[in-house]
Structures are given as C-alpha cells and as structure tokens.
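Subject: Structure handover

Hello,

Here is the structure I promised to pass on.

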Amino acid sequence: MSTAGETDAPVPAPPHIADSHELIRVRGARVNNLKNLSVVIPKRRLTVFTGVSGSGKSSLVFGTIAAESQRMINETYSAFVQGFMPTLGRPEVDVLEGLTTAIIVDQQRMGADPRSTVGTATDANAMLRILFSRLGQPHIGSPNAFSFNVPSVRASGAITVERGGGRTVRQTFTRTGGMCPHCEGRGTVSDIDLGQLYDDSKSLAEGAITIPGYKVDGWWTVGIFIESGFLDPDKPIRDYTATELHDFLHREPTKVKVNGVNLTYEGLIPKVRKSFLAKDREAMQPHIRAFVDRAVTFTACPECGGTRLSEAARSSRIGGRKGAGARKGAGAINIAEACAMQISDLAAWVGGLDEPSVAPLLATLRHTLDSFDEIGLGYLSLDRPTGTLSGGEAQRVKMIRHLGSSLTDVTYVFDEPTTGLHPHDIQRMNDLLLRLRDKGNTVLVVEHKPETIAIADHVIDLGPGAGTAGGTVCFEGGVEGLRASGTITGRHFDDRAAVKATVRTPTGTLEIRGATTHNLREVDVDIPLGVLAVVTGVAGSGKSSLVHGSVPAGSGVVSVDQSAIRGSRRSNPATYTGLLDPIRKAFAKANGVKPALFSANSEGACPTCDGAGVVYTDLAMMAGVATTCEECEGKRFQAAVLDYRLGGRDISEVLAMPVSEAQEFFGAGEARTPAAHTILVRLADVGLGYLSLGQPLTTLSGGERQRLKLATHMAEKGGVYVLDEPTAGLHLADVEQLLGLLDRLVDSGKSVIVVEHHQAVMAHADWIIDLGPGAGHDGGRIVFEGTPADLVAARSTLTGEHLAAYVGG
C-alpha cells in the first residue's frame with residue numbers, strides 16, 4: 001500500500017525542446033588553413049582559443065563563426081537595405097548550428113578621420129552636448145551649437161507660398177553650430193612650404209611640380225595646368241607674373257575644356273589641401289606621409305586654441321559645485337575644457353552636478369565615463385583623436401558600449417583583449433569577460449596570455465604548427481586538461497623566464513632631458529646603449545610618449561611601432577619585403593627575358609583574372625562569388641610565363657613555397673640568390689618560416705603582420721632598434737624565439753629598446769625603466785631604473801610586484 005507522500009510526488013517535467021540548443025556546432029571548416037575542422041562550443045560559457053600564431057584561431061573564430069553569424073543577420077534585411085551593406089560570402093564550412101548574434105570586438109584601428117575622437121566614437125560627446133545645451137550659461141542653442149562637426153549657417157531670401165493665389169514672402173534661416181570657422185573643426189591649421197611643392201627654376205613641361213604622383217603626362221594632375229590656358233607651360237615658375245602665380249597657386253575652381261573634355265581647374269594649394277590635408281596623416285601611404293611631413297607644418301588653430309570649437313561654444317559654462325546656483329563663477333568649465341580633462345577626472349566632475357532636470361542624462365553619462373576607468377582607459381581624454389589609439393586601446397574603447405548593454409544570449413568575440421595591458425590591468429579585463437558571460441552570453445576569446453586562458457570554462461587548442469602545419473584541433477576541454485596535455489600550449493603553459501644572473505655592460509647612453517610629451521613630467525633619463533633595455537609601466541603611464549616622443553628619430557634609429565600594415569589581396573610577404581625583386585631578376589637572368597614577366601601585377605599576369613588568381617562575380621545585393629580562375633588555375637600567371645624555370649621550379653611554384661623551403665632553395669645550387677636568401681633568413685628569424693611567399697597579406701593574423709614588419713625593418717642600417725610590444729600576438733612558445741632574436745640583435749652590436757608588458761621580456765632585460773606609478777596625470781614619472789633582479793628584490797612598484805610573482809621571487 002503506497003503512502004500519500006509517494007502518491008503525491010511530482011513527476012519531473014521532460015526537458016523543453018528549446019533547451020536542447022546549448023551548443024555551437026562547427027563541422028567541416030576549411031577557411032584558410034583549417035583542415036576540415038570540427039568543434040563543439042558550449043553556449044553561455046567563456047571559451048578561449050589558443051595555439052601558435054598562424055595555427056588557424058582567427059580563421060575559425062572570426063573567419064568562420066563570426067562571419068557566418070554576420071552574414072545571416074544581414075540576410076534578414078530587405079534586398080534594398082543589403083545593397084548598402086558590405087557583401088559577405090558564406091565561409092567554407094559544411095555545418096554551422098546553434099549560432100547566435102555575434103558582436104565582434106577586434107583590434108582593427110578605429111576610423112582615422114581627423115574629426116573622429118574618443119568622445120564621438122563612444123557617444124560621450126553627444127551626451128555632453130545635450131548637457132551643455134540644457135545647463136550651460138549663457139544659453140547659446142541646441143546640442144548642435146556645441147558640435148565641432150556642425151558649422152553655423154545663415155541664409156535669407158524670398159520664397160513662394162502656394163496658398164490661395166500664392167504670394168512671395170521673405171524668409172530667413174539660421175543654424176548655430178559649434179565648429180570653429182577658421183580651422184573648420186579640425187583643431188589645427190596648416191602652413192605649406194612652397195619649396196616642397198615645386199622647383200621654381202623649371203617650367204611645368206620640365207616637371208616643376210615635385211608632389212608625389214604629379215607627372216607631366218598625367219591629365220588629372222600636371223596636364224590640366226599645362227592645357228588650362230592660364231599658364232605658359234614652357235616658362236620657369238620664377239618668371240611668372242603676379243597674375244600667373246595667383247592662377248597657378250590660388251585660383252578658385254574654374255571650368256575649363258581640355259581636348260574636348262570638361263574639367264575643373266583650381267590652384268595648386270587648394271588642390272593639395274583637398275587631396276592630402278583633408279585626410280588623416282596616419283591613413284596615408286608611407287611615401288605620401290613623408291611628403292606631407294616635409295611640406296606641411298601643423299599648428300594649433302590660433303582662433304580656437306586647438307579645441308575645434310567656436311567662440312560661442314567656448315563661452316557657455318557649467319559650474320562644478322552642487323546646486324543650480326553654482327553654474328556661474330569659480331569652478332565653471334566649458335565643453336572644450338570638459339573634453340580635455342582626463343576621463344577619470346571628468347567622471348568625478350559629472351558626479352558633482354546636482355540637476356534634477358537632467359538626472360537620467362547625468363546617470364547615463366556618469367556610467368559611460370566610469371566604464372572607461374573600469375576598463376583601464378581612465379587616463380584618456382574625450383578629445384583624443386581615435387587615429388592615435390593603439391590596437392589594444394581601440395579594442396577597449398569598442399567594449400565601452402557593450403558593458404552596460406542589457407542584451408543577453410549574444411556571442412561576444414574578442415581578439416586578444418589583453419594586448420597592451422600591464423599584468424596589473426589583466427585581472428580587470430578578466431573580470432569584465434566573466435561579467436559578460438555571467439549575463440548569459442557566449443564569450444569567445446582568441447588569446448595567448450596564460451592569465452586569461454586560466455579563467456576559461458572551455459579551451460580549444462589549435463595546431464600543432466602554423467600555416468599548412470596547423471588547422472587541426474589538438475585539444476578540447478578544461479584548463480587542467482590543457483596543462484596535462486602534450487600540446488605545445490600545454491607544455492609551455494607554466495613556462496617562466498628566469499631573471500638574468502649577469503647583465504651586459506652598456507657601451508654608452510642615450511640622454512633624454514626634460515621630456516614633456518603628453519603626460520611626461522620633465523622626465524630626465526639615461527637609456528643605456530649596447531644592451532637590451534625594457535621600458536615598462538601600466539597602460540597610459542607614458543612609455544610610448546617617452547620612447548617614440550623623446551628618442552630622436554633619424555639616422556641610426558629604426559622604429560617598429562604598432563601601426564597597421566596596409567595591403568590589398570594582391571600584396572603578399574614577397575612583395576611587402578622586397579623579396580620578389582631579386583627573385584624576378586634571377587628568373588629573368590636565367591631565361592634571358594624581362595623581369596616584368598614574373599610579376600602578377602605586370603606583363604606576366606593572367607589576362608583572364610588580371611593576375612588575381614580568382615574571378616569575382618558581383619551578384620548585386622547578394623554576396624559576390626570568388627571562383628578560381630580556369631585559365632591559370634589560380635597560379636596568377638600566363639601559361640607562357642610558367643614555361644620559364646629557375647632551379648627546376650616555375651614562378652608560381654616558388655611563390656607557393658614556405659619561407660623555410662625557399663631559404664634552402666635560394667641558398668645554394670642553381671637558384672642561389674644571395675639577395676633573396678638574406679631576406680628569407682630575416683623572415684625565418686622572426687618566426688615566419690611557415691609562411692608562404694605568395695600568401696595574401698589580408699589573410700595574415702595581427703601577430704604575423706607585426707613580425708613581418710619587424711623582419712623588413714631589420715634590413716635597415718641602424719644602431720638603435722625601438723620595438724613597441726613585439727610580443728603582441730605571440731604564442732608562449734614563440735616568446736622564447738623572440739628573446740633569442742633580441743639577443744642576436746644586441747650581440748651583433750645593436751642597441752635594443754623595447755616597450756613591453758610581458759614579464760618574460762622584462763626578466764630577460766639587461767636594464768629596466770619603469771614608469772608610473774599610475775596612468776594619465778598619475779603617471780609620467782620614472783619610478784624605477786635598474787636591473788630586473790633589483791626590481792624583483794625591491795618590489796617597490798606594481799611592475800616589481802608582478803615580476804616577482806612571475807619569477808617566483
């Protein structure tokens with residue numbers, strides 16, 4: 001006989017079918033070097049993808065999972081809307097199940113437009129403009145009156161009102177903007193050195209104009225000056241009359257007819273301003289940037305003092321004390337001063353405002369500003385141009401808008417979020433990643449730092465090698481399982497570099513006196529030469545300001561910074577490093593033909609695909625399709641060119657070689673080419689031996705691009721090498737190889753100065769310069785100088801504490 005309790009026991013409800021979709025399944029992924037890869041990723045967990053550089057992490061996370069999520073979201077829009085969006089092709093994968101909306105937070109530099117600032121990129125400026133339009137005294141207008149991107153407009157005239165019989169009335173229109181009319185909201189004005197634009201001893205026909213790209217036979221450049229009818233093309237410019245010189249340099253846009261074609265003629269100076277100075281310097285090609293640096297001097301606008309804002313916008317102020325009566329008088333600031341403040345200080349100022357009429361706005365603005373501080377960017381200011389941010393800073397700025405988001409069940413994809421972070425800041429980043437996960441989101445992180453790998457719920461290790469030697473899953477599971485596994489990541493997970501027992505003796509010093517760049521406070525320091533010197537400190541402490549802003553550039557100094565490599569899908573390691581030139585000459589010499597035949601961008605290109613190797617078909621609002629060229633079978637060259645051989649290989653086979661194989665090929669035998677071999681040795685030295693010579697630059701990871709740049713700069717004749725975080729994007733196993741490269745540079749007589757956060761590089765240094773103690777105005781001072789052993793023993797700085805913990809001191 002059953003009891004009442006047994007009879008009334010609740011029957012467990014069967015699991016709801018909606019709860020069965022707890023996994024992201026990837027089967028048969030073949031993007032880039034992935035080898036029919038299949039993985040299962042748990043949702044609402046933190047999954048870290050590890051593996052050596054080039055093993056396929058980015059191809060799986062960004063090129064497959066995130067790319068397909070974005071493509072499927074785009075397809076939900078109408079065909080009309082899709083026509084205005086970038087077209088995305090379906091990644092090469094058999095099955096992708098369980099995808100959710102992907103939000104990508106990568107390290108791509110933010111827009112380098114000269115009008116883009118940290119404030120405009122995060123909407124903090126928009127909220128500040130509303131705040132000043134409500135509370136600013138005197139009141140000058142709407143939020144547009146405080147925007148440096150909005151000019152003031154005034155107009156008046158007669159309009160016809162179609163009412164009854166119709167009548168003409170006089171109407172006026174005004175819009176108050178905050179743009180400084182003198183510098184047009186850029187904050188700087190330019191002074192052009194005419195001597196860099198033209199040689200006045202020559203005529204136009206003789207090539208007087210010396211601007212890059214201005215050729216005598218160029219119809220859109222010099223040709224229009226010659227054929228305009230305003231100038232004598234055979235008269236030296238120094239002999240021009242006042243009218244001719246004005247027409248040459250300053251004439252307003254004028255319609256002219258050249259060989260029956262209607263064109264617009266304008267003076268050289270306005271043409272240069274539009275084509276060069278309207279663009280951001282950081283986005284220019286190197287030779288154009290060098291010309292601008294020679295020809296143009298930028299100074300702060302004398303009208304607005306570099307604030308970009310009109311006088312009216314700067315006249316309106318808000319007080320910093322509580323109470324409505326505190327808007328005027330001492331402590332009141334304008335919007336330009338607010339944007340120039342360190343964000344942590346601005347957050348405190350906003351917190352001191354007590355205005356019930358705008359309380360929700362103040363709360364939202366305060367939250368946004370506090371997020372900067374929380375993510376380790378409190379040292380920035382809102383008027384900082386986005387083009388000057390490092391890759392790590394740009395990535396963290398993008399995170400700001402997601403921290404307060406109420407979205408759940410989305411997939412956040414991060415590309416090495418700890419890049420550029422001091423060990424002290426990595427813990428805060430880890431907390432943010434965990435918080436995003438705990439809100440019910442799936443967090444996918446590509447990462448090398450063991451501190452972040454250690455917090456993962458799930459680890460997917462790719463490898464075992466790089467390039468063609470990678471693209472497979474070596475391990476899936478928890479962190480402890482990774483430690484016990486025999487993979488490269490597992491074996492090196494707990495690696496620790498030891499502090500040097502003996503350090504090198506400097507051969508001299510590089511003196512820096514009174515450095516004041518950005519937040520530096522009259523810094524005096526002697527950087528030892530002939531040794532490995534490491535400059536460290538928390539993010540924003542002034543490291544880059546000291547090294548890049550104070551070390552004199554020029555002869556003898558080779559600087560390898562974090563600026564991006566720009567290149568199309570036609571660019572590859574062979575073209576970027578200059579390796580293709582000696583290879584083409586060797587082929588030409590061996591076969592008695594022209595070198596241009598062995599360039600896929602010149603005479604030797606396949607006529608069907610124009611040397612691209614693939615044919616792109618535009619399908620309007622649908623994603624375009626790229627198919628391998630049937631004529632050349634993807635080899636990019638004409639069939640006749642492939643008949644010419646060097647050492648038994650044609651040019652397409654050589655470009656398909658990895659660096660290590662090409663190094664042997666050009667090092668001896670019939671194909672021996674010393675110039676090519678030298679470049680290949682450098683590529684192998686920086687750990688790129690697996691890279692194919694013809695692999696498009698667009699497929700390289702961030703770490704690969706930085707090391708490619710380092711290999712190129714190693715060819716420059718310099719006595720001092722300045723490296724900015726060379727461990728960015730490097731696997732634990734690759735850091736050891738990098739240390740060996742740095743040692744070889746120093747032992748060859750070079751001086752190496754490294755800005756770095758990685759403790760292994762600090763421990764390996766001969767001399768450490770630590771800046772701090774904090775970031776922004778809390779930094780900018782030297783807090784330690786000495787050997788790594790002394791820093792560990794003293795533990796007097798944040799860096800010292802973390803280095804001591806790292807080496808077990």
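The notes below go from the whole chain to single residues.

**Ground rules**

This is a predicted model: local features need pLDDT of at least 70, side-chain atom pairs count only at pLDDT 80 or more, and totals for chains, interfaces and linings use all residues. Numbering runs from 1 along each chain as its sequence is written, and side-chain values use heavy atoms, with hydrogens and water left out.

**Whole chain**

The chain has 29 helices and 25 strands. These are DSSP runs, numbered from the N terminus: helices are H or I with at least four residues, strands are E with at least two. The radius of gyration is 30 Å, close to the 28 Å from the globule rule for 809 residues, so the chain is as compact as a globular protein of that length. That radius is taken over C-alpha atoms, and the rule is 2.2 Å times the number of residues to the power 0.38. Along the principal axes, the C-alpha atoms fill a box of roughly 100 × 85 × 70 Å.

Of the 809 residues, 50% count as buried. Buried means under 20% relative accessible area, exposed means over 50%, and partly exposed lies in between (1.4 Å probe, protein chains only). The accessible surface comes to about 36,600 Å². Carbon and sulfur atoms hold 52% of that surface. Areas come from the Shrake-Rupley method with a 1.4 Å probe; for residues, only the protein chains shown count as cover.

Now contacts, meaning heavy atoms within 4.5 Å. Take those in the chain with a separation of 6 or more: residues 24 or more positions apart account for 66% of them.

Charges next. There are 80 positive and 90 negative ones, and their mean positions are 4 Å apart. Lys and Arg count as positive, Asp and Glu as negative; His and the chain ends are not counted. Each charge is placed at NZ of Lys, CZ of Arg, CG of Asp or CD of Glu.

**Ser-381**

Ser-381 is in the loop between α13 (359–374) and α14 (391–403). Ser-381 is buried, at 16% relative accessible area. Its side chain makes a polar contact of 2.6 Å with the side chain of Asp-383. A polar contact is a pair of N or O atoms within 3.5 Å; within protein, one must be able to donate a hydrogen and the other to accept it, and residues adjacent in sequence count only if both atoms are side-chain atoms. Setting aside neighbours within four places in sequence, Ser-381 touches Val-118, Cys-339, Ala-340, Met-341 and Ile-343.

**Val-593**

Val-593 is in the loop between α21 (580–591) and β20 (614–619). Val-593 is partly exposed, at 22%. Beyond four places in sequence, Val-593 is in contact with Ala-588, Phe-598 and Tyr-644. Asp-431 is 162 residues away along the chain, and its C-alpha lies 62 Å from that of Val-593.

His-713 is in helix α25 (residues 702–713). His-713 is buried, with 19% relative accessibility. Apart from neighbours within four places, His-713 contacts Val-558, Ser-559, Val-560 and Tyr-721.

Gly-718 is in strand β22 (residues 718–724). Gly-718 is buried too, at 6%. Its contacts, again leaving out neighbours within four places, are Gly-556, Val-558 and Lys-750. Gly-404 is 314 residues from Gly-718 in sequence and 48 Å away, C-alpha to C-alpha.

**Backbone points to check**

Where are the cis peptide bonds listed here?

- Gln-137 to Pro-138 is cis, with omega near -5 degrees. Pro-138 is in the loop between α5 (124–135) and β6 (153–161).
- Gly-463 to Pro-464 is cis, with omega about 0 degrees. Pro-464 is in the loop between β14 (458–463) and β15 (472–477).

Two residues other than glycine have a positive phi.

- His-518 has phi of about 50 degrees. His-518 is in the loop between β16 (508–515) and β17 (523–529), and is exposed at 69%.
- Glu-633 has phi near 55 degrees. Glu-633 is in the loop between β21 (622–628) and α22 (651–655), and is exposed at 59%.

Best wishes
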